[in-house]
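Colleague: Could you take a close look at a single part of this model for me? Pick one residue, walk me through its surroundings, then carry on to whatever else you can describe.

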Amino acid sequence: MRNKGKRSVAIALSAVMAFSALSTAPDADAAAKAKKITLSATKKTLTEGAKFTLKVKKVKPAKANKKVTWKSNKKAVATVSKSGVVKAKKAGTAKITATSKSNKKVKATCTVKVKAKTNVNDVPKQTQAPIATPPATPAVPNNTPAATPEIPATPVPTPVPTPSITLPDDSMKENAAFNVGTVINYDKTQDVNFTALAKQQFDVVSFENEMKGYSLLDTEASMAGDGTPVCKFEQADGMVEWAIANGLKVRGHVLIWESSMAESFFHIDYDKDKGLVDKETLLKRMESYEMQVVTHFESKYPGTVIAWDVVNEAIDTDNQTKADETTGLHLYTTGKFYQIIGGDYIKYAFEYANKAVAATGADIQLFYNDFNCFQAPKTEYIKELIKYLNADPANPLLDCMGMEGYVLFEWPGPNPVKQAMEAFADCGVKVGINELCVRLNDQLASGKTVSEKDIASHAEMYKKMFTAYCTFAQEHPNTLTNVSIWALFDRPDLIGNTEHYDYGVYGTHSGLFTADFEPKQAFFNVIEVLKEKGGN
């Protein structure tokens, strides 16, 4: 009897459910109700006047309606538009709430902290550009009537330095279908002549050292804190502000690199006299550091840092180096990231970088960057790395492959470089030439006289390299992100200087311009190629 009774109840319930399903089916098909909303960011720090866009990253169920209404609980602090654009108004904290249009009970929030704009007087003196002191106002003779107190005196404008060079008639960036860039240091941003040239010639700049870990990590503050890495951004901020003032975007270089991270980052309590931290601690530091760096520049200077080199020069081509057991990759094994975490530190680095970019809601491209990418077996090893990082097609971690292009005027030639670019593009990623330098023979570092033939060969190689880049850009639309020049100027003073060997070899007579800002034949060759093949 019990079984029969249960069966009767089950039949009755089935009939009710069937009727209910039939009566509600049309509404369900029209728009499934959301049960959960996930936003592109849950926390955000902005400077007064800055903007960023909040988006619905995903909903559950996946087919649910993604439409929401936006609301700020403190409009005086931060407002939000109908499309999710948040604008910072004044210092304070506001909560931005997204409410599902299909289910009013489902909400998600993002806490927005707004900081006051930095006053120039609050910036440490060593990071400020010199400010000219206006001339003193001449004393007013006793017989001159005093100025009316209600009318303030007109301030004397600070003199603006005038460039003392003549700029070229042509611009590389105006003739290229891809971003043209260069690599700079802080001193360059203080040079009025370089500033004028950079503004005319380039779309984007990278910083030599000022965004590297040993520049950004504040070891003393980190030692005094709770274990979380503390960063110092003053000098890098000043350079980014210089870039903005001159219409330039910035490529961030570099988040995680064995050779550029502060040594204290790997030690207990950030003390180099203590032992190394364990894997869990280093991973937490990596994640915090990458999140702080990426979100700092995007929140303070929205849309300016358009790319980050996440990991730099990790591939080892030594025949004695075995493939990493965990990842199957050929990696340098002597660095602390590898020793403490293992070969998959690269994957963690890209996962954390993607998380940081998602928190900003910005479109920031993430690169792996390396040198001599055109050489075997390095090209194949890099292809393995790309496939490893992008193994999940629904969640690829790597956007672009960055190639450092240091070449001699007779080696390797443009064909191997173009073939490597095509190999990486075939892996489904974009390609950037992040450091191009056509250098002269190593013998020149020992004081050999540079001949007219050498200079002509140097200019011809620049022509060949840019021809290869432009051809690649035509054959692979929207794939070449940038070509950035390293050693833009000649440094003949470094010939034979063994204390600066790298500069002696790479920078002696390798530039597009002389040390006096005169364009060389190499520059005119680049312009010629861009006008013929690289136009928009």
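**A close look at I433**

Modeller: Setting aside neighbours within four places in sequence, I433 touches M403, M421, Y469, L480, N482, V483 and S484. Bear in mind that this is a predicted model. I433 sits in strand β16, which covers residues 430–439. Its relative accessible area is 2%, and since buried means under 20%, I433 counts as buried. Take Y469, one of the contacts of I433: the two are 36 residues apart along the chain, with 8.8 Å between their C-alpha atoms.

Now to a pair of helices. Helix α7 (residues 234–245) packs with helix α8 (residues 279–300) at an angle of about 40 degrees, and their axes are 12 Å apart. That makes α7 and α8 oblique to each other, and the crossing of α7 past α8 is right-handed. On the α7 side the contact uses A236, D237, V240 and E241, while α8 brings H296, F297 and K300. By type, the residues of this contact split into three nonpolar, one polar and three charged.

Last, a sheet. Three strands form an open sheet in the order β3-β7-β6, paired antiparallel. β3 (51–53) and β6 (78–80) are the edge strands with a single partner each, so one side of each has no neighbour in the sheet. From one strand to the next the twist averages 20 degrees. Zooming in, β3 pairs with β7 (residues 85–88) in the antiparallel sense over three bridges, and F52 lies opposite V86 of β7.

Conventions
Residues numbered from 1 in each chain as written. Predicted model: local features only at pLDDT ≥ 70, side-chain atom pairs only at ≥ 80, totals over all residues. Heavy atoms only, no water. Axes fitted to C-alpha atoms, helices over the stretch in contact; angles between N-to-C directions. Helix = DSSP H or I, 4+ residues; strand = E, 2+ residues; numbered from the N terminus. Parallel < 35°, antiparallel > 145°, perpendicular 65-115°, else oblique. Left-handed = near helix turned anticlockwise from the far one by under 90°. Contact = heavy atoms within 4.5 Å. Nonpolar A, V, L, I, M, F, W, Y, C, P; charged D, E, K, R; others polar. Buried < 20%, exposed > 50% of the residue type's maximum accessible area, 1.4 Å probe, protein only. Pairing = 2+ DSSP bridges.
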